[in-house]
Every structure is written in structure tokens, then in C-alpha cells.
Amino acid sequence: MTTLTTKTPSLWPAAHEADARRSRSRQRQLGASDTVCERRAAYILDESEPTDDSDKRAAILGTYLHEGLLTAAKREYGWLIETAVGDDLIRGHIDAVHLDAATARRLPKRLRPKQPADVVTVEDVKTKSLFVWDRVVRYGATEAEIRQVYLYAGLLRSVGFEDRWGQRPLSRLGPIDVQRIRFRFVCRDNGEEHIQEFAYDEAEAQRARWWVELVRSYEHPEQAERDFDGPGLDAICDYCVFRTRCWGHGVRPGAPVQTILIHDDADRAQALAEYVHGHELETQGKKFKRLARAKLDASAPGVYGDNELKWQGGRDVTDEEVDRAAVINRFRELGVDLPTEPDLDRAVALLQEAGIAVPMRTVRRTTARSIKVSPARTGTT
Ligand code: SF4
């Protein structure tokens, strides 16, 4: 293996530099894509200085892939990509807007799509890793992703395309009658595509705007809700550049940062009740799974309803293991002494079998900490 040296430097410093210069990396105004977490959106609005670095490599690769796909769609299909929308509340760029024939006819020919849509559709292209692909196919866009696309679509319906250089003819169309939302998920690892579509819902668009208005109404970012469980428990927080500002360092060195959420015994009682509830759900879930697994044991692979059944393992395989007798023989053939490290477990077992006390000595160690929760006895606090 060849390691990176000063002669063959890593590409990542260059990619990070270039990413830092991108307009969105520098932007301080709230963008629709910043609406993932209420607290994080509040920090951005407050122009708070980031407290942490974050490994952006996966995000940068996602950006390259995203740009490549959209550029190809523009060139080959005439898609309207990366158009700007905004008002005094929020701004952003829409991945793709598919205009219907009537709206497209109002544009210069060079901006018309090769194939107009049946209704105006706002499309958001998301690249995802194989790691989360099953969840994406099963559940579709997250609440935050839906909020983001409704912010875009709502702006198109109320204002239209932003009046700025490069898209003046689009802005002259005025408000656009968006009728459909589409998510196009692309798997980064194998290129698979998954489409999720639904009709535009004005109530959802209103809800998205209220969310932004609420964040803007806070005097201090710390008034905003943390929408995730924190570093170590949620990947979004692990990569958040405000994680130390948001969570601090825990109540003592080495303790999870979530310990800051406990202030008094009422908080402890609440957390214990949540733990017990979680345990009950887990027990019930395991029971459901065990019964379903047993029922399916003789079923052939295939698609049944919303799910596909596959079987893994269960094959006869040949494997290699150390041939102990042959190893000892090989040592004898070579005339080499076998290692004579005593087998302590066996020695202890022999002493116990013979009824002889096993010599013990005192050592200090720290046991693994595990939680044990049981019902409080009546009359105890
Ligand atoms: S650390 Fe997590 S909860 Fe806090 S602002 Fe960042 S994403 Fe939100």
C-alpha cells in the first residue's frame, strides 16, 4: 500500500477549501436547506460562530454527484435546475422545476423543457448511502426534507422565481402554480433511483413557513428546540458545527453530553419513565419479531405486500480451522519445544475438582456500568 506524502498530497484539503468558498458555505441568511434542526437554524440566524469542525467528505461527494446529475439532466432533458427563490423570510435553490406546457410556452425557447410536465412539479434530488437506503425506500423523505421542499414550492407559488441575474425571464412568469412535489432519491453506492411523489398541499407549505417564523421569533438561539438527541446518539449532531455550543461537555468528564438535560429529580423521574416505556416497546417488538420469524421459516423468498422476503446464510460451507493435533506433530517433527504457557483456566478447574481452595488476591478494577430500573416500592422516595 502507498501512503500519502507531500509529493502525493490528499485531494481533501483542496476539496474542503473549494467547498468553503461556495456561496452556500458562506451564506449566513437562513436557507431552506438549513431547516433540519430548529436549534441549528437559530444559531445560523444569530450568526453564531461554529464551535466545531466536521468531516465534510461524504457531504462534498454528495454535492459533486448531485451537481453532475442535475447538469446532465439540464443538458439532455432541458431541465430547469438550481433556480433561486426567496422572500424576506427564507431563500433557497430548487433542484429542478418541471413546467407544464402552458407555462413553458411563456418562456424563451432556450429555457423550455424538451418534455413539459403534465402539471408543474417541484423536484428535490437527494443522494443517499446504501446504509440508509432501505429506510428511504420504505419511509421516503424525512420531516425536515419535506419542510424544505414545501418552503421552495410555497415560494414559487407566492412569489415565483427570484428576480436576479441569470433568471430574469423566469421571474417574469410571476407566481407559479405548483401542483406536485417529487423527491428523487439516488443511491450513492449503486445508482439505484427511488421516486416519491405527492400532490402539493397548501397546509403543509403554511406549516413549513410557521416553523421558520417560530425560529426567527426567538431572542436567543438556546430558546429553540433541539430536534435531535445529541452527539453520540444522532449522526446529524455528530456532524453539526454547533454541537459544543448546543450541548456543552456533559456534567463531568467522560459523561454523555445528554447528562445536561437532567436538572432535578422530576427530570430523573421523567427519564426513568421514558426508559421503562422504551424497554416495554423493545420487549414487545422482540416478541412480534420472534413470532413473525417463526411463522415465515418455511416461506420462499419473494415480494409479499409491501415487503420483500430474502434469506441469508443457512448454507453448508467449508471453513478452515487450526488442526491442533497436526500443529503439535509439526513441532515434534521439527524437534522444537512446544510453548509451555500454563492453561490457567484448566488449572483452576482441576483445583476446584480436587476440592482445593483456589488461591485468590485482591485487585482493583472498574466494572462496566449498566442501568437497572425497577418499580419503586410504596413508601420509598
Ligand atoms: S447539535 Fe444537534 S440538536 Fe444541536 S443544533 Fe446541532 S443538530 Fe441541532
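In which strand is Glu-82 found? This is a predicted model, and in it Glu-82 belongs to strand β1.

Phi of Glu-82 is near 50 degrees, a positive value in a residue other than glycine. Most residues other than glycine have a negative phi. Glu-47 is another case: its phi is positive, about 60 degrees, although Glu-47 is not a glycine either. While Glu-82 sits in a strand, Glu-47 has its place in the loop between α3 and α4 (57-77). Gly-191 also takes a positive phi, near 80 degrees, in the hairpin of β4 and β5. Here they are side by side:

| Residue | Phi | Where |
|---|---|---|
| Glu-47 | about 60 degrees | loop between α3 and α4 |
| Gly-191 | near 80 degrees | hairpin of β4 and β5 |

**The sheet**

Now for the sheet that β1 belongs to. Five strands make up an open sheet, running β1-β2-β3-β4-β5 in order, with mixed pairing. At the edges are β1 (80-86) and β5 (193-199), each of which pairs on one side only. From one strand to the next, the twist averages 35 degrees.

Helix α7 (residues 143-158) packs on this sheet and touches β1, β2, β3, β4 (180-187) and β5. The direction of α7 makes about 150 degrees with that of β3.

Zooming in on the pairings, strand β2 (residues 91-98) and strand β3 (residues 121-128) run antiparallel and are joined by three bridges. His-98 stands opposite Thr-121 in β3. Strands β4 and β5 are antiparallel too, with seven bridges between them.

**The ligand site**

Over to the ligand. The space it takes is the largest cavity. Around the ligand you will find Cys-37, Arg-39, Arg-40, Arg-226, Ile-236, Cys-237, Cys-240, Arg-243, Cys-246 and Trp-247. Sorted by class, that shell has six nonpolar and four charged residues, and no polar ones.

Which helices each supply at least two residues of the shell? They are α3 (38-45), α10 (235-238) and α11 (243-247). Of the contributors, α11 gives the most, with three residues.

**A proline beside the shell**

Pro-231 is worth a look while you are in this area. Pro-231 lies in the loop between α9 (202-217) and α10. Leaving aside neighbours within four places in sequence, Pro-231 is in contact with Cys-237, Asp-238, Arg-243, Trp-247, Val-257 and Gln-258. Among these partners, Cys-237, Arg-243 and Trp-247 also surround the ligand. Pro-231 and Pro-256 are 25 residues apart in sequence, with 8.5 Å between their C-alpha atoms.

Note on methods: Residues numbered from 1 in each chain as written. Predicted model: local features only at pLDDT ≥ 70, side-chain atom pairs only at ≥ 80, totals over all residues. Heavy atoms only, no water. Near = heavy atom within 4 Å. 1 Å grid on protein atoms, 1.4 Å probe; cavity = no way out; pocket = protein on both sides within 12 Å on 5 of 7 lines; lining within 4 Å. Sits in = over half its atoms within 2 Å of the grid points. Helix = DSSP H or I, 4+ residues; strand = E, 2+ residues; numbered from the N terminus. Nonpolar A, V, L, I, M, F, W, Y, C, P; charged D, E, K, R; others polar. Pairing = 2+ DSSP bridges. Axes fitted to C-alpha atoms, helices over the stretch in contact; angles between N-to-C directions. Contact = heavy atoms within 4.5 Å.
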